[in-house]
Amino acid sequence: MSQRGRLKPNDEQRVRENIIILKENIDGQLFLDLFFQKKIITQDEREHIKALPTRLKRADEFLDRLLDSGPGDAYGCFIKILRLNYEAIAKTVQQGMVGSSYYSWFENSDNFSSARRDHKLKAADISQLAECFQVNWPVIFLRLQFSSCLIEQEYVRNPQDKRAVIVNLMKKRDITLKTLVETLRNVEDDHSAIFDWKTLEKFVAKLPL
C-alpha cells in the first residue's frame with residue numbers, strides 16, 4: 001500500500017519554492033529505491049518513473065509524486081537522498097521558508113491591479129502556465145465549471161500529454177486572471193489540488209499595470 005496525500009505544509013512549501021531548481025537538476029530515479037523500501041510508492045510506480053526516457057521527465061514525475069506522498073516518511077527520505085547526491089540543493093531546499101500564504105502576493109492591489117485582474121488568458125499565456133498545474137490539477141478545471149466529460153475527452157485525445165490537455169481545455173473558455181486566481185485560492189484553502197503560485201506570480205508581474 002503506497003502513501004498518498006499532501007506533505008506537511010512546511011515541507012510542501014519548501015519543495016514548491018524550489019520546484020524549478022529541482023526539476024532542472026535532479027534525476028527522479030535516484031530516489032525510487034528508498035521510496036519503494038519505505039512503501040511510499042508501489043513497484044509499478046517505481047518501474048514507471050525509472051522507464052521514462054529523459055532525466056527531466058523522471059524529475060517531473062517524481063516531484064509530482066513526492067508532493068502527493070502524504071505527511072509521513074516521504075519528505076525525510078527525499079532530503080536524505082538529496083543530501084547524498086545534491087548537497088548544495090539540499091541546503092537551499094531546507095533553508096526555504098515563507099511565513100505568508102502562497103497567494104498573499106495577489107492580495108496586494110499594487111501587484112494585482114485591476115488591469116492585471118481583467119487580463120484574459122491568451123494561447124501564449126496558457127502555454128506558459130500549463131506546467132503550473134501540478135497534483136490533482138483536474139480539480140481546478142472542475143472548479144472553473146468545466147464538465148468532467150469534457151476533461152475526460154481531452155484525456156482521451158492526449159493520454160500521455162498533460163500539457164496538451166491543459167492548453168486545449170483553457171482555450172475553450174475566456175478566463176481572466178481574476179477568475180483563475182480566485183479558483184486557485186479555493187483549491188489551495190481546501191487542499192484539493194496543488195498549483196505553482198511562484199511561476200504565476202512571475203507571469204503576472206510582467207503584465208502592464
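These legends describe close-up views of a predicted model.

View 1. An unreviewed UniProt entry places the feature "domain: CARD" at residues 7-83. Helix makes up 69% of the chain over residues 7-83, and strand 0%.

**View 2. Helix H6 against helix H7.** H6 spans residues 74-85 and H7 spans residues 87-95. The two helices pack at an angle of about 140°. Their axes are 6 Å apart. Angles over 145 degrees would count as roughly antiparallel; H6 and H7 are therefore oblique to each other.

**View 3. Residues at the H6 and H7 contact.** H6 contributes Tyr-75, Phe-78, Ile-79, Leu-82, Arg-83 and Asn-85. From H7 come Glu-87, Ile-89, Ala-90, Val-93 and Gln-94. By class, seven of the contact residues are nonpolar, two are polar and two are charged.

**View 4. The largest pocket.** Its volume is about 1,200 Å³. The lining of the largest pocket has 34 residues. Nearest the pocket centre lie Lys-57, Asp-60, Glu-61, Asp-64 and Lys-162.

View 5. H5 supplies the largest share, six residues. By class, the lining of the largest pocket has 15 charged, 12 nonpolar and seven polar residues.

Definitions and conventions. Residues are numbered from 1 along each chain as its sequence is written. This is a predicted model: local features need pLDDT of at least 70, side-chain atom pairs count only at pLDDT 80 or more; totals for chains, interfaces and linings use all residues. Side-chain values use heavy atoms; hydrogens and water are left out. Axes are lines fitted to C-alpha atoms, for helices over the stretch in contact, and angles run from 0 to 180 degrees between N-to-C directions. Helices (H or I, at least four residues) and strands (E, at least two) are DSSP runs, numbered from the N terminus. Angles under 35 degrees count as roughly parallel, over 145 as roughly antiparallel, 65 to 115 as roughly perpendicular and the rest as oblique. Contact means heavy atoms within 4.5 Å. Ala, Val, Leu, Ile, Met, Phe, Trp, Tyr, Cys and Pro count as nonpolar, Asp, Glu, Lys and Arg as charged, and the others, Gly among them, as polar. UniProt positions are given in the numbering used here, feature names are shortened, and annotations may be inferred rather than shown by experiment. On a 1 Å grid over the protein atoms alone, a cavity is a set of points where a 1.4 Å probe fits but cannot get out, and a pocket is an open set with protein on both sides within 12 Å along at least five of seven lines; lining residues have an atom within 4 Å of a point. Grid points are joined across faces, edges and corners, and a volume is the space filled by probe spheres set on the points.
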